[in-house]
Amino acid sequence: MSEVTHAIEQAPVFATEHSLTADAGYRLKIVVEELVRNVVLHGVPPPGSAIDMSMDRDGASTVLRSCDKGVAFDPRTDLPLVDRDTTDVEGGVGWPLILHWCRIDTVERIGDENQLQLHLPDRQD
């Protein structure tokens with residue numbers, strides 16, 4: 001799980017470099033960790049394939065982009081939701097947190113890659 005460890009280590013570095021509040025930095029670390037862990041544990045990526053992740057700023061938000069070669073997955077339609085009107089899902093808490101804290105900008109399957117872009121606001125109102 002070296003990709004998970006590397007991604008988790010990069011989140012606080014990014015948060016410090018961009019002067020995020022402790023709360024915003026914490027949420028960033030959790031979102032990054034959950035995104036990468038879900039690919040590794042549930043996405044069944046081919047051995048040796050990479051999970052590419054980048055973080056950028058857009059005003060008062062962090063933009064996260066990820067790309068992986070796991071099974072096709074769109075969190076808007078592929079989660080086993082208990083109720084489609086909520087973010088209650090069967091299983092873990094990772095995607096419910098991501099969906100609560102982030103706005104999904106794009107989800108695409110291009111060739112054999114999942115490409116996801118999220119906006120994580122610095123403040124949660």
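**Burial, pairing and charge**

Me: Is I8 buried or exposed?
Reply: The relative accessible area of I8 is 15%. The classes are buried under 20% relative accessible area, exposed over 50% and partly exposed in between, computed with a 1.4 Å probe and protein chains only. I8 therefore counts as buried.

Me: What pLDDT do local features need in this predicted model?
Reply: Residues are numbered from 1 along each chain as its sequence is written, and side-chain values use heavy atoms, with hydrogens and water left out. In this predicted model, totals for chains, interfaces and linings use all residues, side-chain atom pairs count only at pLDDT 80 or more, and local features need pLDDT of at least 70.

Me: How many Å apart in space are I8 and K29, C-alpha to C-alpha?
Reply: I8 is found in helix α1, where helices (H or I, at least four residues) and strands (E, at least two) are DSSP runs numbered from the N terminus. Contact means heavy atoms within 4.5 Å, and, not counting residues up to four places away in sequence, I8 touches V32, E33, R37 and K29. I8 and K29 are 21 residues apart in sequence, yet their C-alpha atoms are separated in space by 5.9 Å.

Me: In what order do the elements of the chain run from the N terminus?
Reply: The secondary structure of the chain comes to three helices and four strands. Read from the N terminus on, these elements run α-α-β-β-α-β-β.

Me: Which residue in β4 stands opposite D68?
Reply: Two strands pair if DSSP finds at least two bridges between them. In the second pairing I110 stands opposite E113, while D68 stands opposite N114.

Me: Which residue takes a positive phi in the hairpin of β3 and β4?
Reply: This hairpin has two residues between the strands. A positive phi near 65 degrees is taken there by G111.

Me: Which side chain of opposite charge is nearest to E34?
Reply: E34 has its place in helix α2 (residues 22–42) and, beyond four places in sequence, touches G94 and I98. Lys and Arg count as positive and Asp and Glu as negative, whereas His and the chain ends are not counted; a salt bridge is a side-chain nitrogen of Lys or Arg within 4 Å of a carboxyl oxygen of Asp or Glu. E34 is buried yet has no salt bridge, and the nearest side chain of opposite charge, 5.6 Å away, is R37.

Me: Which elements do the buried residues of α3 pack against?
Reply: In α3 the buried residues are G94, W95, P96, I98 and W101. They pack against α2, β3 and β4.

Me: How many residues apart in sequence are the parts that R57 and D122 tie together?
Reply: R57 forms a salt bridge with D122, the closest N and O atoms being 2.6 Å apart. R57 lies in strand β1 (residues 52–58) and D122 in the segment after β4, so the separation of the parts they tie together, in residues, is 65.

Me: Which residue forms a salt bridge with K69?
Reply: K69 counts as partly exposed at 33% relative accessibility. Its partner is in the loop between β3 and β4, whereas K69 lies in the loop between β2 and α3, so the pair ties together parts that are 43 residues apart in sequence. With closest N and O atoms 3.7 Å apart, the partner is D112.

Me: How far is Q124 from C102 in space, C-alpha to C-alpha?
Reply: Q124 lies in the segment after β4 and is partly exposed, with a relative accessible area of 31%. Beyond its neighbours within four places in sequence, Q124 is in contact with R27, H100 and W101. Q124 and C102 are 22 residues apart in sequence, and their C-alpha separation in space is 9.6 Å.
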